[in-house]
Amino acid sequence: MLADDGSLIERLRTGDDFAFEELVEHHAAPLLAVTRRILRDEEEARDAVQETFVAAFRSIGDFNSESRVSTWLHRIAVNCALMKLRVRARREKDVDALLPSFEADGHQQQSSVSWPETAEDILQREQACALVRQCIDQLPEPYRIVLVLRDIEQLPADVVAEKLNITRDNLKVKLHRARQALRTLLDPHMRGVM
Amino acid sequence: MSHVTCIELIAFLDSYVDDELDAETRNGFDLHLLVCPSCRAYLASYRETIELVRGAAEREEELAHDAPAELIEAVKKVRR
């Protein structure tokens, strides 16, 4: 635990209102970024941040002093956002149409072409983040959420599998398919360098 | 694994990228990549896709310095 985190937690435990305000002001923005990525709905994302702080305050006694406050809040925010996601009735679609197809002899039907610039170079462009975000948002929900939790939030595979109630093997397959589908969606933009 | 085809390589590309394959299978994949420019391009763009996802999220967080004021106030009100 960081020294600053330690004193903040102690003040929260004693009911210091200024400590709660400090916690909110310092952590609300990064948590909102997390819930926006998971929920893709501004109102729901803000609600999830509110619920995160309420849940955090209620469970302040359970805070493990070995942890960082930011990591603890991140875990609560992911849980709050996933709870909201579960109650949405979303039609599950598959990503088959976005996966590469093959000839009978196992070769790719359409040859893949290298992208002329690296991700690092592409991300220097102003519109790049929005384009990547738009393509991620086009993925069917079960694939999008796996990509967000593993490749963006970088949660461990065991944790994600448990949260989504799927096996580790199923998670691995879904992540690979999600990355391939996203590659297909990005491909025309990256070949022409946007 | 000898005579790896594109379909086999792409099916296990995540394991190749994450270095989870045994040495013999990995060698088979490496040999295929040497002779197949299409799979080399696919592998490179698959890796760039992962980098783009992570990089774009990091850039978004850098730009999102402040949470909306009304959200901060709403959260604080819950405590009052």
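Predicted model: local features only at pLDDT ≥ 70, side-chain atom pairs only at ≥ 80, totals over all residues.

Biologist: What ipTM does the predictor give the complex?

Modeller: The ipTM is 0.86, and the pTM is 0.78. Chain B averages a pLDDT of 89, pLDDT being the predictor's confidence in each residue, from 0 to 100.

Biologist: Which element of chain B has the lowest mean pLDDT?

Modeller: That is helix 5 (residues 69-79) of chain B, at 82, while helix 2 (residues 13-17) of chain B has the highest, at 95. Helices (H or I, at least four residues) and strands (E, at least two) are DSSP runs, numbered from the N terminus.

Biologist: Thanks! How many helices and strands does chain A have?

Modeller: Chain A has nine helices and zero strands. Its C-alpha atoms fill a box of roughly 70 × 35 × 30 Å along the principal axes. Of its 194 residues, 49% count as buried, where buried means under 20% relative accessible area, exposed over 50% and partly exposed in between (1.4 Å probe, protein chains only).

Biologist: Where does helix 2 of chain A bend?

Modeller: At A:A28, by about 50°, and a proline, A:P30, follows within four residues. The bend at a residue is the angle between axes fitted to the seven residues ending there and the seven starting there.

Biologist: And what comes after helix 2 of chain A?

Modeller: A:R40 does, with a positive phi near 55°, although A:R40 is not a glycine. A:R40 sits in the loop between helix 2 (17-39) and helix 3 (42-58) of chain A and is partly exposed, at 27% relative accessibility.

Biologist: Switching topic: how many salt bridges are there over all chains?

Modeller: The search finds 24, each being a side-chain nitrogen of Lys or Arg within 4 Å of a carboxyl oxygen of Asp or Glu. One of them pairs A:E25 with B:K76, the closest N and O atoms being 2.4 Å apart. A:E25 lies in helix 2 of chain A and B:K76 in helix 5 of chain B, so this pair joins two chains.

Biologist: Is B:K76 buried or exposed?

Modeller: B:K76 is buried, with a relative accessible area of 7%.

Biologist: What does A:E51 meet in a salt bridge?

Modeller: The side chain of A:K84, at 3.2 Å from N to O. That pair links distant parts of the chain, with A:E51 in helix 3 and A:K84 in helix 4 (residues 69-87) of chain A, 33 residues apart. A:E51 is partly exposed at 35%, whereas A:K84 is buried at 15%.

Biologist: Last one: which residues form the nonpolar patch on the surface?

Modeller: B:L31, B:L34 and B:V35 do, with about 360 Å² of accessible area together. Patches are made of residues with over 30% relative accessible area and no salt bridge; like charges are joined within 9 Å, nonpolar side chains (Val, Leu, Ile, Met, Phe, Trp, Tyr) within 5 Å. Accessible areas come from the Shrake-Rupley method with a 1.4 Å probe, and for residues only the protein chains shown count as cover. B:L34 lies in helix 3 (residues 23-35) of chain B and is exposed, with a relative accessible area of 65%.

Note on methods: Residues numbered from 1 in each chain as written. Chains lettered and ligands numbered in written order. Heavy atoms only, no water.
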